[in-house]
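Here are some notes for a colleague who wants to go through the side-chain contacts of this model one by one. Please read them with the coordinates open.

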Amino acid sequence: MSVLSAHPSLKPAQLCCAANSPSQQRRHTLPASEFRCLTPEDAISVFEIEQEAFISVSGDCPLQMDQVRRFLELCPELSLGWFEEGRLVAFIIGSLWDQEKLTQDALILHKQEGTTVHIHVLAVAHIFSHQGKGSILMWRYLQYLGSLPYARRAILMCEDFLIPFYSKFGLKVLGPSEVTVGSLTFTEMHYPLQGHAFMRQDCWLVSCKELFGSRVCNFRKWKVGRLCVGNVIMKLTED
């Protein structure tokens, strides 16, 4: 899986002023940087990026085109795409699973009653590689999953050379996976999602104390009123 580890600023670049040409006017109407769940209409762009990222490395893609479309129809809310001026530059696709460990069926099924989010694929477009987009997208995705009431944990399988990459997000090794793809073997990693929002709240309150000093000296007097996935936007309300 082709992912990167740098972590640049999360602030999107500002769009330049629109000129008279239709193409420039169209670019002006698109957000400089947007994160949203994917739809079946995004499937072609997703598969093109997936082919770029995986064919040269492993010779195959984690998801074929029909599987991409299927997951984006069944569980689009478990996907996340990063768009720049309307163009998909990186994405994650997940589905629900209902067992402790992954099996071959986990590669193709979405278990609606499951509480485990199986992260199938994270990929970044080749021309946007070495910019930290894989890391930023993964952080945002885990934050988003932490806000889903039915999601109790996330799980993925990866080749051993990617274990350090996923470890920095807090994923822990479960052990060898039962799943194989051709001659490739994998290690399973998981991430607990229960209490994730509360952990973020505690970390944020520590930062507030540093900023506001005595105004937040008693943490128990304050609570988080609102969360926003991505760039975290919170509002303090006093008990």
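1. F169 is a buried residue, its relative accessible area being 2%. Please keep in mind, here and below, that this is a predicted model. F169 forms an aromatic pair with F165, and the arrangement is edge-to-face, with 5.1 Å from centre to centre and 75 degrees between the planes. F165 is buried, as is F169.

2. The search for ring pairs gives a count of four aromatic pairs. One of them joins W139 to F169, edge-to-face, with the centres 5.1 Å apart and 75 degrees between the planes. This pair links distant parts of the chain, since W139 belongs to helix 4 while F169 lies in the loop between helix 5 (163-167) and strand 6 (172-181), 30 residues apart. W139 has a relative accessibility of 33% and therefore counts as partly exposed, whereas F169, at 2%, is buried. Taken together, ring pairs connect W139, F165, Y166 and F169 into a cluster.

3. Helix 4 itself covers residues 133-145, which makes 13 residues, and it reaches 18 Å from its first C-alpha to its last, close to the 18 Å expected at 1.5 Å a residue. How many of the 13 residues of helix 4 are buried? Twelve of them are, so the helix is largely enclosed by the rest of the structure. Among the buried residues of helix 4 are K133, R140, Y141 and Y144, together with I136, L137 and M138.

4. The charged end of K133 sits over the ring of W82, at 4.9 Å from the ring centre, and the charged end of R140 sits over the ring of F35, at 3.6 Å from the ring centre. Both K133 and R140 are listed among the buried residues of helix 4.

5. K133 also takes part in a salt bridge, its side chain meeting that of E84 at 3.4 Å, N to O. This pair links distant parts of the chain, with E84 in strand 2 (residues 79-84) and K133 in helix 4, 49 residues apart. With a relative accessible area of 23%, E84 is partly exposed, while K133, at 6% relative accessibility, counts as buried because the cut-off for that class is under 20%.

6. How many salt bridges does a search of the whole structure find? The search finds three, and one of the other pairs is formed by R153 with E100, where the closest N and O atoms are 3.8 Å apart. R153 lies in strand 5 (residues 153-158) and E100 in the loop between strand 3 (87-97) and strand 4 (116-124), so this pair ties together parts that are 53 residues apart in sequence. When checking the distance, please note that R153 counts as buried at 11% relative accessibility, whereas E100, at 55%, counts as exposed.

7. There is also a salt bridge between R36 and D42, whose closest N and O atoms are 3.0 Å apart.

Notes
Residues numbered from 1 in each chain as written. Predicted model: local features only at pLDDT ≥ 70, side-chain atom pairs only at ≥ 80, totals over all residues. Heavy atoms only, no water. Helix = DSSP H or I, 4+ residues; strand = E, 2+ residues; numbered from the N terminus. Expected span 1.5 Å × (residues − 1). Buried < 20%, exposed > 50% of the residue type's maximum accessible area, 1.4 Å probe, protein only. Phe/Tyr/Trp six-rings, centres within 6.5 Å; stacked < 30°, edge-to-face > 60°. Lys NZ or Arg CZ within 6 Å of the ring centre and 35° of its normal. Salt bridge = Lys/Arg side-chain N within 4 Å of Asp/Glu carboxyl O.
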